[in-house]
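Dear colleague,

Please find below the structure I am handing over to you. My notes on what was found in it follow directly after.

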Amino acid sequence: MVHRVWNGQAHMPSVMDSQIEIVRGEGAYVWDSQGKKYFDGSASLWHANIGHGRKELAEAAHRQMLELETYHTFGRFINEPARTLADRLAAMSPIENPKVIFNSGGSDAIDVACKLARRYWQAVGHTERTVIVSRDTSYHGLHAFGTAIAGLEPNREGYGTESLVPDTARVSANDPAKLEEQILALGPERIAAFVAEPVIGAGGVIGPADGYFETVQRLAKEHGFLFIADEVITGFGRTGKMFASERYSLDPDIHTMAKGLTSGYAPLGGIQIAERVWEPFFTGGKDAPAFRHGVTYSGHATACAVAHANLDVLEREDLVERAGKLEDVLADELDALRDVDGIVEVRSRAGFLGAVAFAEGIVNETIVRRVEDRGVILRALPGNALQISPPFVAEPEDLAHTATAIREAVEEG
């Protein structure tokens, strides 16, 4: 068999002859080309929040495509689904009176957020503010900016990262005192923005330490730099609130979103921008600066229609509240694994997601394959851990089965 697809984040010689071709999905389950059924314990790449196979989302896309598949939103042009979705998001936003820039996904969202942060400071005359600060172990997509600010070193290696996007820095992921020392050492007057996931995702599913974000926001206020909350993973219910910014009392200047915006039914992401940041670009008449950014599918009409349908499902079925209730169920199941030899850490209670980390000598990729043999899809994370982030439509018995599969996979030896 000739392999034409170059898989993402893959060591190709290791996966070419063992690929799993997923052909169907329904609810919290998917099936492969051999007919094997799996519980989708990772919600694909964190995004299948409302589950698979939702007919109403397909119908929303069909209706929109028959009327207008899309039209660009550059210059004077707009389309109705993009306009109404921006209004709907503004009504639920953690930012008061935001503007919205749409694009095609999470990596796009980080790219535009970081560009806008730098452009804002240029526009208001503080050209010295160029440094984008992120956290150790953080993940912010894999476009140029996301690669440059990544706190996971394997994602930075091999790209000439310091020259790829200059003026980036990484600080302590969860130590408030160390963070403050590092910010002061960097020179806070040089910082354009601090970007952080409310819950570190791909870096190991790590919730915020007490006082960490209080320190971040105090420093941002004292020294004037922007705060970017990266909610590509946590947005739209993953932490039991519509946004983790609500759960953790965050007040961002820029807020990124993607994955749960459409639950993966269409590629769509974007950012929400506070008035402080958007105001210079919207006022001042002909002398106002322009933000020269845009991608072809910004405000894609069909993707926006799908997002509306996805939000309808979240609201109609109270799935955000359900995710909050399932958080404790998942945490209890994972807590029972603490007595398993070879499991060194269990991380939970930061939303409907978790991780299990293993001792040296146990390879997480091996555990992933053994768990797949037992009908559960999970994902290996840096730090020799497993990602668990099920769809919000999962049942308690699915979570129990997942924990049992992990236990058996480790005890297999």
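A residue is called buried under 20% relative accessible area, exposed over 50%, and partly exposed in between. T137, with a relative accessibility of 27%, therefore counts as partly exposed. Please bear in mind that this is a predicted model.

Overall form

The chain contains 16 helices and 15 strands. Its radius of gyration is 21 Å, close to the 22 Å that the globule rule gives for 413 residues, so the chain is as compact as a globular protein of that length. The C-alpha trace spans about 65 × 55 × 45 Å along its principal axes. Of the 413 residues, 53% are buried.

Surface and charge

The chain exposes about 18,300 Å², and carbon and sulfur atoms supply 50% of this area. There are 40 positive and 59 negative side chains, and the centres of these two sets lie 4 Å apart.

In soluble globular proteins, nonpolar side chains tend to be buried together. Here the largest nonpolar core has 54 residues, of which F236, I343 and I406 touch the most other members. Helix α13, residues 301-316, gives the most to this core, with eight residues. Another core, of 25 residues, lies apart from it and includes L116, A117, V277 and W278.

Individual positions

Which residues does L378 contact beyond its neighbours within four places in sequence? They are G41, S42, V368, V371, L386, Q387, I388, T402 and I406. I406 has already been named among the residues that touch the most other members of the largest core. L378 itself is found in the loop between β13 (376-377) and β14 (379-381). Its relative accessibility is 4%, so L378 counts as buried. L378 and G211 are 167 residues apart in sequence, and their C-alpha atoms are 31 Å apart in space.

P98 is placed in the loop between α4 (80-92) and β4 (99-103). Is P98 buried or exposed? At 10% relative accessibility, P98 counts as buried. Leaving out residues up to four places away in sequence, P98 touches A90, S93, Q272, I273 and W278. P98 and E128 are 30 residues apart along the chain, with 26 Å between their C-alpha atoms.

V23 lies in strand β1, residues 22-26. Residues up to four places away in sequence not being counted, V23 touches W31, D32 and S33. Between V23 and T215, which are 192 residues apart in sequence, the C-alpha to C-alpha distance is 46 Å.

Backbone angles

T137 is not a glycine, yet has a positive phi of about 70°. T137, described above as partly exposed, lies in the loop between β5 (131-135) and α6 (144-149). D167, also a residue other than glycine, has a positive phi near 65°. D167 is found in the loop between α8 (161-164) and β6 (168-171). With a relative accessible area of 35%, D167 is partly exposed.

With kind regards

Methods
Residues numbered from 1 in each chain as written. Predicted model: local features only at pLDDT ≥ 70, side-chain atom pairs only at ≥ 80, totals over all residues. Heavy atoms only, no water. Helix = DSSP H or I, 4+ residues; strand = E, 2+ residues; numbered from the N terminus. Rg over C-alpha atoms; globule rule 2.2 N^0.38 Å. Buried < 20%, exposed > 50% of the residue type's maximum accessible area, 1.4 Å probe, protein only. Areas by Shrake-Rupley, 256 points an atom, 1.4 Å probe, with all protein chains shown as cover. Lys, Arg positive; Asp, Glu negative; His and termini not counted. Charge placed at Lys NZ, Arg CZ, Asp CG, Glu CD. Core = buried A, V, L, I, M, F, W, Y, C linked by side-chain atoms within 4.5 Å. Contact = heavy atoms within 4.5 Å.
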